[in-house]
Every structure is written in structure tokens, then in C-alpha cells.
Amino acid sequence: MNKNSLKIMAWNANGIIRHKNELEAVLNTNKIDICLVSETHLTNQMFATFTNYNMYCSNHPLHNARGGSAIIIKQSIDHYEDDKICETDFQATTVTLKLLGTDMSITALYSPPKNKIKYERYMQLFNKHKGRFVIGGDFNAKNVNWGSRLTTTKGRELLKAVNNLGCTVMSTGNPTYWPTDINKTPDLIDFFVTRQIPKTKMHIEDGIDMNSDHSPIYLYINCQLDKKAKNCYLSNKLTDWEYFKYTLEDNIDLDSDCLIESINVLEEETEKFTSKIQQSAWKSTPILKQKNIQQPFPKEIITLINRKRKIRKQWQTLRYPPLKTELNRLTKLVSEKIKDHKNKLFNLKMQSFTADKVTDYSLWKTTKNLKRPTVHNPPIKNDNGLWAKSDAD
């Protein structure tokens, strides 16, 4: 795949909080664009953040630490959160973005193994997505058609829905679930279902990066992705307010003889007045240089990560207990090293923070961000029931 490929990772975390540092390292080093996580085990009181990424969640409807799905997507990708599903049989998180010239929805799915899902329910899931879509995660549905050892009822019903809608199942054909009990056989239950995306533009690979009872899979889509436009701010810490006052007084005529005789005239004059304020503000505000807040990991951590990958691959091949012990040791060591590295960076950053205007009250702003999760506002609906997806809408 070329450098323009969209890289999507799907992974069952079996609890995302305890793997947060390791996952952040993988997102960073592997340059993941979108990560689809199943079995997040998050609740309304638990959250996680990842540098340079937005995260959207759909938790289990019983509001306890079980099931759940999440999407972790680069902030630079132009997207918006779409309808989510928080039901006992499906927890699905969806974002919509521009891909291959049209809107396309990306969904992270977790379907618990105990639910008996029929063809009609899968059709409901797929029909919620109009046009192009990618759904990835732990379906807990086995079928020899996508590489599982055997075919279950869920797998048979899912295949019927896939064939009826002309979808494509993208899997590596290799196991993604690795039971801790070495007497149980690994199997394939994590994969992608896509629609209206040519197979020639997609490529899928196994991953050995994360350490849960599931291994990740990577889907590459060869495409040109729309990047998010930079936010336009009226002011920042370098705004020249004296110059703003001067230009505003020069541009606005408060002695105008214009008579406001109708709503249309009122709206036109209001728009003119607002525009002149904006123009004055932008003329008085220099553009701040974009800071690269993503810090590369030290060579020591990268070496440990590569060593862990090698041991995990050996364990998956041989299922030799001492290899599992060494894998657990390396996983714990990598997590500790990443945590220490992040703490050192944070302490260095904290030394420059103050609670006054000199650093734009950086201490209070950082404390505020640490104490609460980021709340994402999904699109609102117009009077006609359609989503308002742009400023004009």
C-alpha cells in the first residue's frame, strides 16, 4: 500500500484502561489513522485520552465494566460522530468521514458471544449505514468462509446478510483469538465487513503488537483522505487589541441612516456588522505556529516493543508456556517504561506552567483537561430530520 493509504486497526482490548500506555505506543510507532476497539470495559465514570487522537465510545447498556466499543481517530482527519448502538447484542461506535470521494462510515463493533443473532438483526445493523462502510471488531461469529475453524449459527446468519447486501468480509484467515488455556484452540472471530469499496483498493494484515487474548488486524484502504481544516480563531494570546480597536472604529459606521424595515434588512445589517468585527479581529491576530506535541519514544522502549513482538509471535506459533511467561514480563516492562517516559515529559512540561497571564494560565488549563473527559458533540438534526454536517447546514 502507498503512503496515502488509510490504516485502520481493529483489536479486542479485553479492558482498554490497563493497556492504555501500550496502545498509545502502537498508535504512535505504527502511525495508525483509526483504531477500532472492542471490549473496552468502560463506564460513564471511566475514560481514556490519547495524544493527537479523538476517542468515541459506546458502553454496555448495563453501565458496568463489560463489553463496549470505541473508535480512536486522528484529530487531523475530517470526521464527525454518528449514531451509536448501546444494546446487549451490539455495542457499535460510528464516525463518518470523506473517503474515495464520498461519505463513508467507520464502525467499531463488539457482539458478545452469548447473544443469538439472526439474519434480520444483522440486516438492521448494516442498513443503518448508507452507502460505503467499514465495520470492524469482534463479531463472535465463526464461519469457514472467512477462515474460522468451524461454522456457528451466528456465522451462518451473518454470511446470509453479507451476501444479500453485496458486502465483503476482509479477514487474514489466521486466528485472532488466543485462549489463555493452551488446551483450547485459537480461532478467528475478529474481522472487517465492508461495502462499496473495491477489493483492489484494500489489503489486510495480521498484527502482533498488543497483549490481550486477541491479536490486532490491520486494514489498509488505498485512497486520498480529506484532512480537517484548521480551526479559525478570532483571537489568541498574541492578539493586538489596540490595533483591533483602531481597525474596528475605522470600519464601522454607527451613524448609518439605514432603516431597519424588515427582518431581511435586519439580518443583512447584522451579518455586515458581524463580518466587520471578524475582519478586524483576524487582522489583529497573527497565526500561531502549530506545535508538534507527539513525542517519539526512546530507543530503549522501541527495542523492548520489538522484542515483545518477536516473543508474542513465537508463543502464538508454539504455545509454549515459558514463552507466555516471558511475554507477560516484557509486556509489564514495556508498560512501566512508557509510563516512566510520559511522567518525565509531563514533569518537564509542568516546570514551565504558571497560574498567571504570562503563560496564558497554562497551569489551570492543564489541570482542567486532566480532571474531566473530552465531551464530543454529535451533529444536530435539521427540521427535516437530516443531520447538519456542515457550517452551512
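Predicted model: local features only at pLDDT ≥ 70, side-chain atom pairs only at ≥ 80, totals over all residues.
Residues are numbered from 1 along each chain as its sequence is written, and side-chain values use heavy atoms, with hydrogens and water left out.

Let me begin with the chain as a whole. It has eight helices and 13 strands, where helices (H or I, at least four residues) and strands (E, at least two) are DSSP runs numbered from the N terminus. Of its 393 residues, 44% count as buried; buried means under 20% relative accessible area, exposed means over 50%, and partly exposed lies in between, with a 1.4 Å probe and protein chains only. If we take contacts (heavy atoms within 4.5 Å) between residues at least 6 apart in sequence, 67% of them join residues at least 24 apart.

Now to the interior. A nonpolar core here is a set of buried Ala, Val, Leu, Ile, Met, Phe, Trp, Tyr and Cys residues joined through side-chain atoms within 4.5 Å. The largest such core has 26 residues, and the members that touch the most others are Ile8, Ile34, Phe192 and Ile221. Two or more residues of this core come from each of β1 (6-12), β2 (34-38), β4 (69-74), β7 (91-99), β8, β12 (202-206) and β13 (217-221). If we leave aside neighbours within four places in sequence, Ile221 has among its contacts Leu6, Ile8, Leu99, Met104, Val134 and Met202. There is also a second, separate core of 23 residues, which includes Phe90, Phe133, Val169 and Val193.

Next, helix α2, residues 119-127, in which Arg121, Tyr122, Met123, Leu125 and Phe126 are buried. What covers these buried residues of α2? The cover includes the strands β6 (85-86), β8 (102-110), β9 (132-138) and β11 (190-195), together with helix α3 (153-164).

That brings me to helix pairs. Two packed helices are described by the angle between their axes and the distance between the axes. The axes are lines fitted to C-alpha atoms, for helices over the stretch in contact, and the angles run from 0 to 180 degrees between N-to-C directions. Angles under 35 degrees count as roughly parallel, over 145 as roughly antiparallel, 65 to 115 as roughly perpendicular, and the rest as oblique.

For α2 and α3, the axes come within 8 Å and cross at roughly 45 degrees, so the two helices are oblique to each other. Their crossing is right-handed; a crossing is left-handed if the near helix is turned anticlockwise from the far one by less than a right angle, and right-handed if clockwise. From α2, Tyr119, Tyr122, Met123 and Phe126 take part, and they meet residues of α3 including Leu158, Ala161 and Val162. By class, this contact has seven nonpolar, one polar and three charged residues, where Ala, Val, Leu, Ile, Met, Phe, Trp, Tyr, Cys and Pro count as nonpolar, Asp, Glu, Lys and Arg as charged, and the others, Gly among them, as polar.

How do α6 (residues 299-318) and α7 cross? Their axes come within 9 Å and cross at roughly 155 degrees, which makes α6 roughly antiparallel to α7, and the crossing is left-handed. Among the α6 residues in this contact are Ile301, Leu304, Ile311 and Trp315, and among those of α7 are Leu327, Leu330, Val334 and Ile338. The contact of α6 with α7 has twelve nonpolar, three polar and seven charged residues.

Helix α1 (residues 20-29) also meets α7 (residues 321-350), with axes that come within 8 Å and cross at roughly 80 degrees, and α1 and α7 are therefore roughly perpendicular. Here Lys20, Asn21, Glu22, Glu24 and Ala25 of α1 meet Thr331, Ser335, Ile338, Lys339 and Lys342 of α7; these divide into two nonpolar, three polar and five charged residues.

Most residues other than glycine have a negative phi. Glu39, however, has a positive phi of about 50 degrees; Glu39 lies in the loop between β2 and β3 (53-58), and counts as buried at 15% relative accessibility. Arg319, in the loop between α6 and α7, also has a positive phi, near 55 degrees, and counts as buried at 14%. Lastly, Lys142 lies in the loop between β9 and α3 and is partly exposed, with a relative accessible area of 23%.
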